[in-house]
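Me: Could you walk me through this model, starting with its aromatic rings and then its pocket?

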Amino acid sequence: MTGDLLAMFQAIENRRVACLLDGDFDAVAGMLADTLIFGHSTGLVDDKASLLASYRSGGVQYLSIDSRLAQAVRLAEHVVLTSGRIAIRAVVNGTEGAFGGQFMAVWRRDDDAWVLQALQATNAR
């Protein structure tokens with residue numbers, strides 16, 4: 001069951017990443033809880049509106065994202081905690097850079113879909 005859960009959430013994460021790379025921020029919006037808390041490795045914290053505004057501003061253009069889950073744990077019937085590593089190449093305000101680290105995410109079942117409720121990323125030091 002744990003392997004099935006991990007595979008299911010890796011597929012959900014792969015879809016989120018593909019939408020970010022394609023610039024399909026409307027699809028990304030549908031994957032985010034309205035009460036999202038998104039903690040970046042820099043210490044910046046976004047809610048759903050500010051995260052989507054940041055994506056849509058064009059200040060960050062994702063070149064590649066490699067997000068690999070290491071764990072998926074069911075905390076309650078409709079709540080799953082995932083953790084893993086992420087490596088990102090992006091152009092940020094005109095400068096290309098590489099970023100990465102570990103992250104922990106909370107997914108919540110909302111009607112017929114899983115939505116990202118919270119994410120906290122760390123630097124890869």
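This is a predicted model: local features need pLDDT of at least 70, side-chain atom pairs count only at pLDDT 80 or more; totals for chains, interfaces and linings use all residues.

Me: How many aromatic pairs does the structure hold?
Reply: Rings pair if their centres lie within 6.5 Å. In total, the structure holds four.

Me: Is the pair of phenylalanine 9 and tryptophan 114 stacked, tilted or edge-to-face?
Reply: The ring centres of phenylalanine 9 and tryptophan 114 are 5.0 Å apart, and their planes stand at 75 degrees. Planes over 60 degrees apart count as edge-to-face. The pair is therefore edge-to-face.

Me: How many residues apart in sequence are the parts that phenylalanine 9 and tryptophan 107 tie together?
Reply: Phenylalanine 9 sits in helix α1 and tryptophan 107 in strand β5, so the parts tied together are separated in sequence by 98 residues.

Me: And which strand does phenylalanine 9 reach through tryptophan 114?
Reply: Phenylalanine 9 and tryptophan 114 are both buried. Phenylalanine 9 belongs to helix α1, so its pair with tryptophan 114 links parts 105 residues apart in sequence, the partner lying in strand β6.

Me: Which residues are closest to the centre of the largest pocket?
Reply: The largest pocket holds about 650 Å³ of space. Its lining divides into 17 nonpolar, eight polar and two charged residues. Of the 27 lining residues, the closest to the centre are His40, Ser41, Tyr62, Ile88 and Phe99.

Notes
Residues are numbered from 1 along each chain as its sequence is written. Side-chain values use heavy atoms; hydrogens and water are left out. On a 1 Å grid over the protein atoms alone, a cavity is a set of points where a 1.4 Å probe fits but cannot get out, and a pocket is an open set with protein on both sides within 12 Å along at least five of seven lines; lining residues have an atom within 4 Å of a point. Grid points are joined across faces, edges and corners, and a volume is the space filled by probe spheres set on the points. Ala, Val, Leu, Ile, Met, Phe, Trp, Tyr, Cys and Pro count as nonpolar, Asp, Glu, Lys and Arg as charged, and the others, Gly among them, as polar. Rings of Phe, Tyr and Trp (its six-membered ring) pair if their centres lie within 6.5 Å; planes under 30 degrees apart count as stacked, over 60 as edge-to-face and the rest as tilted. Helices (H or I, at least four residues) and strands (E, at least two) are DSSP runs, numbered from the N terminus. Buried means under 20% relative accessible area, exposed over 50%, partly exposed in between (1.4 Å probe, protein chains only).
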